[in-house]
Amino acid sequence: MPKDKQTQLITAGRKQKWTKGVVNPPVQRASTIVFETVADKRHATINRGNKELFYGRRGTHTHFAFQDAMAEIEGGAGCALYPCGTAAVTNAILSFVETGDHILMVDTCYEPTRDFCDKIMKKMGVDTTYYDPVIGKDIESLIQPNTKVLFLESPGSITMEVQDVPTLAKIAHKHDIIVMLDNTWAAGVLFNPFEHGVDISIQAATKYIIGHSDVMLGTAVASEKYWEQLREQSYLMGQCVSPDDVYLGLRGLRTLDVRLRQHAENSLKVANWLQSRPEVDHVRHPALDTCLGHEFFKRDFNGGNGLFSFVLKNSVPQATTALLDGMTHFKMGYSWGGFESLILANEPNSFKTLRRVANPNFNGTLVRLHIGLENVDDLIDDLEQGLERYTASIQNQ
Ligand SMILES: Cc1ncc(COP(=O)(O)O)c(C=O)c1O
């Protein structure tokens, strides 16, 4: 991570107005704000969208500190807060589309993002076309006169394809289309969305920003052009977050760089080890050239993290169960970005319902790992024993 980004993670959001002199901005709880004079009330009303205390739903100093920090770190004009990453995705889209519009959605998006398009957007008369994450400049052929949003997620959920964000964004902007990115994998710091043409950068702060698997939180940072509309429409939809959760988000930012570096070091070591294993067909780690879009990772990202996948040579569900059931350190869990290691498996057939156009391009079981902050040799031992159980189970069939 560049030096200036590391320092920003420590200093962002800590202005005197929010901290009142303490290092960590304290939790300020409020629903009602009271005003002593008509002039004070008028001032708060006029500036209610501009970090002036007005009403709890608009946020308190704790929220304003985190919003400032996120906008500064990701490089946008402002940051809207949501109770989880999914709410950040859905509200960002809802803030900009209307009946009759069309969305271009990457086929490797997070599954609830797809469900939102297929169920809620469809009900509202907004059409979705799914596109291949590695479509590149051919995205232009899918643009319709009513296309309002181009939505990206890079690397893609589970299968990890890295997108050519600048090329996609350039073409979208030629047609006046808003470019939204689910930037969760990069934690807002491994990829600079606004330098690569993104208009709205969305994150499940639930993952690396919180970093301890104990809080749900979503963020959407917008460029100057889209900030006011995102802020006001999200506010109208009642989006707000507890100051305690925001406080933990702010606290998470301070150690994000060191945590990410350790996750990245551990994950690369595990990924390289997996490449040498006879049971493994290939490893989908953005930092390795066996991952689709690796060249864009090298060009556009500042570093890695702990989340990647690998594909086994076979798909034998009983053997996968033998692998998963006996793990010591890797537990099965959906969310990621905490200090702990996680493992999930997907049989190739499951991608037939998950994906429409992206070719998953593999025949074996796909295993997604989140490499935590445990000692990496303990993690490799755990995986080695898992792969031995896997092989023994196949041999016993
Ligand atoms: C890429 C991505 N985006 C969004 C989300 C949703 O975040 P949340 O669980 O906070 O709703 C997730 C959660 O797994 C995710 O992996």
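The largest pocket is lined by 33 residues, and Tyr110, Ser157, Tyr334, Trp336 and Arg368 are those nearest its centre. A pocket here is an open set of points on a 1 Å grid over the protein atoms alone, where a 1.4 Å probe fits, with protein on both sides within 12 Å along at least five of seven lines; lining residues have an atom within 4 Å of a point. Two or more lining residues come from each of α5 (85–94), α6 (111–123) and β10 (342–346). Helices (H or I, at least four residues) and strands (E, at least two) are DSSP runs, numbered from the N terminus.

The model is predicted: local features need pLDDT of at least 70, side-chain atom pairs count only at pLDDT 80 or more, and totals for chains, interfaces and linings use all residues. Residues are numbered from 1 along each chain as its sequence is written, and side-chain values use heavy atoms, with hydrogens and water left out.

**Domains**

The chain is divided into domain 1 (3–252) and domain 2 (256–395), with bounds from an automatic or database domain assignment. Their centres, taken over C-alpha atoms, are 28 Å apart. Domain 1 puts 40 residues into the contact and domain 2 puts in 42 residues, where contact means heavy atoms within 4.5 Å. The largest pocket lies between the two domains because both give residues to its lining.

**Pockets**

The second largest pocket is lined by 23 residues, with Arg58, Gln67, Cys79, Trp227 and Arg231 nearest its centre. At least two of its lining residues come from each of α4 (61–74), β1 (78–82) and α8 (224–236). In the table, a volume is the space filled by probe spheres set on the points, with grid points joined across faces, edges and corners. Ala, Val, Leu, Ile, Met, Phe, Trp, Tyr, Cys and Pro count as nonpolar, Asp, Glu, Lys and Arg as charged, and the others, Gly among them, as polar.

| Pocket | Volume | Lining by class |
|---|---|---|
| Largest pocket | about 670 Å³ | 18 nonpolar, 9 polar and 6 charged residues |
| Second largest pocket | about 340 Å³ | 9 nonpolar, 9 polar and 5 charged residues |

**Helix packing**

α4 also packs with helix α9 (residues 243–275), at an angle of about 40 degrees and with the axes 9 Å apart. Axes are lines fitted to C-alpha atoms, for helices over the stretch in contact, and angles run from 0 to 180 degrees between N-to-C directions. Thr62, His63, Ala65, Phe66, Ala69, Met70 and Ile73 of α4 meet Pro243, Val246, Tyr247, Gly249, Leu250 and Leu253 of α9. By class, this contact has 10 nonpolar, 3 polar and no charged residues.

**Loop between β4 and α7**

Proline 155 lies in the loop between β4 (147–153) and α7 (165–174). The peptide bond from serine 154 to proline 155 is cis, with omega near -5 degrees. Isoleucine 158 lies in the loop between β4 and α7; its phi is near 70 degrees, a positive value in a residue other than glycine.
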